[in-house]
Amino acid sequence: MEDKRFAILIDTDNISAKYISAIMDEMTKHGIVTYRRAYGDWTSTQAKGWKNKLMENSITPMQQFCNTVGKNATDSTLIIDAMDILYTGNVDGFCIVSSDGDFTRLASRLRESGMLVVGMGEEKTPRSFRTACSQFTVLENLIDEDDLQDEQESSKGASQGAAASSGKSGKNKKAAAKAEAKESTSISKEVIESAIINIITENENKDKETGLGEIGSRLLNKYPDFDVRNYGYSLLSRFLEEIPSLKLVKNNTRVNVEIRENRESEEEITDYIRASVKKAGSKGMRVSELSNVVHGKYKRFKPKNYGYSQFTKFLQAIPELELYGDINARKVRISEKKKSTVEKQEDAAERPESAVEKQEDMCGEGDRDWKYETGNTIYL
C-alpha cells in the first residue's frame, strides 16, 4: 500500500520551535511529507529560535510581514497556500500545526474536499479547531516532560538561580494552569467509557466481537483529539484496562474488548428499585428522582451495561412497576395488578386480621366451606 502524501503547514506565531522535531517524527506515522512550510514574520525577535530548527528539518520559511500591530500576519498566507496546494492534487492530506482557532474553517473546507486533516497544537488549542480536524494531537504529549524541563532550565540560565523561591511558586502556578487547561479541553474518561460501551453493545446486538483496533479507530472518528497520552498512558490497551467496566480478552493474536461482569447484579439493583418505589407509597415517585436515588447508591450504574437503552426501559422490565403520567414528568409506582405473589403475601402479613379471618382460625377445616357472613353476625 502506497504511503499517503502530506503537506505540513506551520503557524509559527502560535507554536514554539521546540516541537518541530517531534512534529516531523509524528508525521511519519501518517505518511510522507512532501510540502514543508513554516509561516511567520522572520524579522521579528520572536522568530529568533526558529532558524536552526528550520534548517535541520528542511522546512521552507514563508515570510509574511506584520502589517497591523496585534494581528497575526501568517493566517491569510497559510490559508491561501493550503488552497493552492489542494487544487494541485499532489497531496492526500494536510497537517496544520497551530494553536489558533482561526484555522477551524480551513480544516473543515479541506475535509469537505476529501482531504485527511491532521491537526497539531498546544493544550490551549480551542476545541473548535480540534474537532474540525480528522485527527488532533496535543504537542505536549510528543515530548517527555523531562526534556521540556531541561530545555526550559537551559534557556533561563543563571537568572533562575537568583530567583529560585519566586520561580518555584511560579512553576506551581504554571503547572496548575496547565492541568486546568488540559482538564477543560480533553474529553473526560467517563465520556470515553460511555462511547466504548455503546460500541460494544452495538456489536453485541449484531453478534459481533469488538476488537481493540476497532475501539481505537472509532474513538478517533468520533473524537479527533482523542489520545491516550492525554490521560497519562502510552498504550490504548493499558488505558482500557484501567476502566473498571471494561476488560480485555486475548484470543490468540487478537485482543477483544468486553464489558466486565457487572459488580452489582441486576437482581440486586432491581430489588433496591422496588423497595424505593414501595417506600414512596401509592403516590409513587418521579422517574428522574428514582434515577438520582439509584445512581447515588450505585455510582457506576448504567442501563446500557444491562442491555437497556434508557433508565425507563430498565424500569419497564421490572414486572411489579407501573409507569404513568406525562412523558416529561413520568412517575413510577407499584402496580396492584402486577404485584408478585411474594409481595402480596408480604402485604397480607402486614395487615391486621379481620374478625372474619380470626373466626376462620377458630373454625375447623370442614366447617369453613359452609361459612357465610350477614351484617355483623357470622353463621356457621
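Predicted model: local features only at pLDDT ≥ 70, side-chain atom pairs only at ≥ 80, totals over all residues.
Next I turned to the aromatic pairs, and the count came to eight. I jotted down why: planes over 60 degrees apart count as edge-to-face.

Then I looked up Tyr 233 and Phe 239. They form an edge-to-face pair as well, with 5.6 Å from centre to centre and 75° between the planes. Both Tyr 233 and Phe 239 are buried. Which aromatic cluster do they belong to? I found Tyr 233 and Phe 239 in one cluster with Phe 226 and Tyr 231.

A charge over a ring was my next stop. Arg 333 sits over the face of Tyr 324, and I wrote down 3.9 Å from the ring centre.

My last entry is on Ser 276. Where does Ser 276 lie? I placed it in helix H12, which covers residues 266-280. Its relative accessible area is 15%, so I list Ser 276 as buried, the cut-off for that being under 20%. Which residues does Ser 276 touch, leaving aside neighbours within four places in sequence? I noted contacts with Met 285, Leu 290 and Val 293.

Methods
Residues numbered from 1 in each chain as written. Heavy atoms only, no water. Phe/Tyr/Trp six-rings, centres within 6.5 Å; stacked < 30°, edge-to-face > 60°. Buried < 20%, exposed > 50% of the residue type's maximum accessible area, 1.4 Å probe, protein only. Lys NZ or Arg CZ within 6 Å of the ring centre and 35° of its normal. Helix = DSSP H or I, 4+ residues; strand = E, 2+ residues; numbered from the N terminus. Contact = heavy atoms within 4.5 Å.
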